[in-house]
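Trainee: I am new to this structure. Please take me through its side-chain contacts, with a close look at the charged and aromatic ones.
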Amino acid sequence: MDRSRRLRLSTLSRVLRGRVTRTAYYGLAIAVIAIIVATLANACLQEGGATLGALWAAQLANPTLWFLDGMPFVFLLWGQYVGLVVSTEASAMVLDETETLRGDNAVLAAEARRSQRIDPLTGLVNRGHFVDSLEADIESAHLNKAQVGVIVVDLDGFSEINQHYGQASGDRVLITMAHRLGRAVPDTATLGRLDADRFGVAIVPLTSGRELERVADRIKQAIAPPCPLDGMSLQLAASAGGARYPDNAVDAHGLIDAASQAMHEVKSRGGDFSMICSTRKVHGVVMHSLSAELRRAIQANELVLHLQPLVDVSASTVYGVEALVRWEHPRRGLIMPGDFIPRAERSGLMNDLTFWVLRRAVEHAAELRRGGRDLRVSINVSARSLLRPDFPDTLVALLEDEELPGSALTLELTEDTLMADQARTLEIVARLAGIGVHISIDDFGTGYSQLAYLKRLPVSEIKIDRSFLEDMLESDTDLSIVSATIGLAHALNLRAVGEGVESAGQLERLRELGCDLIQGYYIGRPMPIEQFRQWLSQWDRRRLMQ
């Protein structure tokens, strides 16, 4: 039993004992009053008065009063004893109930975890757990240079079974199908229910394409016998499609999708059970080695930062830049972040990537300052990186290495990042703001943040999502959202930043609405730092000409 529970039980025992003791004191008072009344009555009857002498004489002459004199002490001792017994028994009862409740809660929690991954009808794993398991199998296969196979099996004509015989009969068919598939697939395979009448089989490791066909043959033999249903015999039919990692896809969703497409091709042909393997070549297959290469790229400094300018609307001056990462692959050329950041997240490299960007951004900020450009550098940070215990200390160390103040950096956090683990996020953001680092809410308006929570954060600016700026010149709704967001920012003493500005019309409208900063292709595209210096010189010349 832990210390807090012992303390709670001790407190409960004292409370109960106190209540019983209080009751005993009430009894003691009643007994004393009874003695006094009896003594007075005897004194009046024997001596004719209630003097002290008469009271003493009544006590000496009446042995019954001696017995009554001892009753208060009996009451007191009895009350203390009962209080001790009751409090001890009550504590034991509470302890037993607590242990029972803890056991019940553990059972309920285990059942809840099981229900999250098990299909309640068939007892197979559900789609979510099947995908998670397949993703883990793919990661392991990648490390071991192995293959993974997936077969998607779909019952033909299942909707007609539900329509003619009812949903209960359809459920019985699905249960029968699940049992037959369970006997047909290898023991090491994962079998799950993907949809209403669709099942998935994951085979790890896959030795060859022929193995998929052999498993499919066993599935065909398993579902061939008629299915008994209310005295009838239903002949089940199914279509199947197969796919392999890494030939057809490089992640779980892609692999299931490739197998499903092959299954639909079989279904479109009609006929008896058959299976074909996907021949699809997806873009991800060309990039399947990126996860393995990315770690080396980070270490070899193949990544580069491109800088996109942020301009002060009212002063027409360059306020700062946003640092955006790119990958200069030695064979594939410039790879955009959308092609490698998801893989960094899946392969556990997101923190390494984030800290590489932070280090290089701080270096760029220091380099620009040494060249006479006091520009603030904005960096996107994910929730996973922000919530690392060493994140603030690492950032402080990077700033100290380049002798930069915290105000040289702005961390851009999405609303979803800010809502993740609110207490921890608030603590870290407050600490960063305490050393001067600016906090920006990126893509504002697209998440599910709470204004009551956001107003507690030491935020410096709000970035209006580009989706609202795209159509604000044609859409009154988008224009109202942009105007309201700028008004909200100013009401909270924050800067409003419009990102994705691509035309002079958008710039002028944002200027009219009082937007503080703008960013977008109309101002300048993301560019390497050398090109950015040239852009700054051209911007200065244009301002002088104006």
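Mentor: Start with a cut-off: buried means under 20% relative accessible area, exposed means over 50%, and partly exposed lies in between. Keep in mind that this is a predicted model.

Now apply the cut-off. Arginine 511 has 34% relative accessibility, so arginine 511 counts as partly exposed. Glutamate 508 has a relative accessible area of 38%, so glutamate 508 is partly exposed too. These two side chains form a salt bridge. Their closest N and O atoms are 3.5 Å apart. Look at where they sit. Both belong to helix α20, residues 504-513. Three residues separate them, about one turn of the helix.

Next, look for shared partners.

The structure has 20 salt bridges by the rule used here. Arginine 198 and aspartate 154 make one of them, at 3.2 Å from N to O. Arginine 198 lies in strand β3 (residues 198-203), and aspartate 154 lies in strand β1 (residues 148-155). The pair therefore ties together parts that are 44 residues apart in sequence. Both arginine 198 and aspartate 154 are buried.

Turn to arginine 244. Its salt-bridge partner is aspartate 247, and the closest N and O atoms are 3.3 Å apart. Arginine 244 counts as partly exposed because its relative accessibility is 25%. Aspartate 247 stands at 24%, so aspartate 247 is partly exposed as well.

Now for charge on the surface. Glu470, Asp471, Glu474 and Glu502 gather there in a patch of negative charge. Pick out glutamate 474. Its place is the loop between α18 (466-470) and α19 (476-491). Glutamate 474 has 61% relative accessibility, so glutamate 474 counts as exposed.

Leave charge and turn to the rings. A pair of aromatic rings is described by the distance of the centres and the angle of the planes. Across the whole structure, a search finds four aromatic pairs. One of them joins phenylalanine 355 and phenylalanine 391. Their centres are 6.0 Å apart, with 35° between the planes. This pair is tilted. Phenylalanine 355 sits in helix α12 (residues 350-370), and phenylalanine 391 sits in helix α14 (residues 391-401). The two are 36 residues apart, and the pair links distant parts of the chain. How much of each ring residue is accessible? Phenylalanine 355 has a relative accessible area of 13%, so phenylalanine 355 is buried. Phenylalanine 391 has 0%, so phenylalanine 391 is buried too.

Tryptophan 535 and tryptophan 539 form another aromatic pair, and this one is stacked. The centres are 5.3 Å apart, and the angle between the planes is 25°. Both residues belong to helix α21 (residues 529-545). They are four residues apart there, so about one helical turn separates them. Tryptophan 535 is buried, and tryptophan 539 is buried.

How values were computed: Residues numbered from 1 in each chain as written. Predicted model: local features only at pLDDT ≥ 70, side-chain atom pairs only at ≥ 80, totals over all residues. Heavy atoms only, no water. Patch = residues over 30% accessible without salt bridge, like charges linked within 9 Å, V, L, I, M, F, W, Y side chains within 5 Å. Areas by Shrake-Rupley, 256 points an atom, 1.4 Å probe, with all protein chains shown as cover. Salt bridge = Lys/Arg side-chain N within 4 Å of Asp/Glu carboxyl O. Lys, Arg positive; Asp, Glu negative; His and termini not counted. Charge placed at Lys NZ, Arg CZ, Asp CG, Glu CD. Buried < 20%, exposed > 50% of the residue type's maximum accessible area, 1.4 Å probe, protein only. Phe/Tyr/Trp six-rings, centres within 6.5 Å; stacked < 30°, edge-to-face > 60°.
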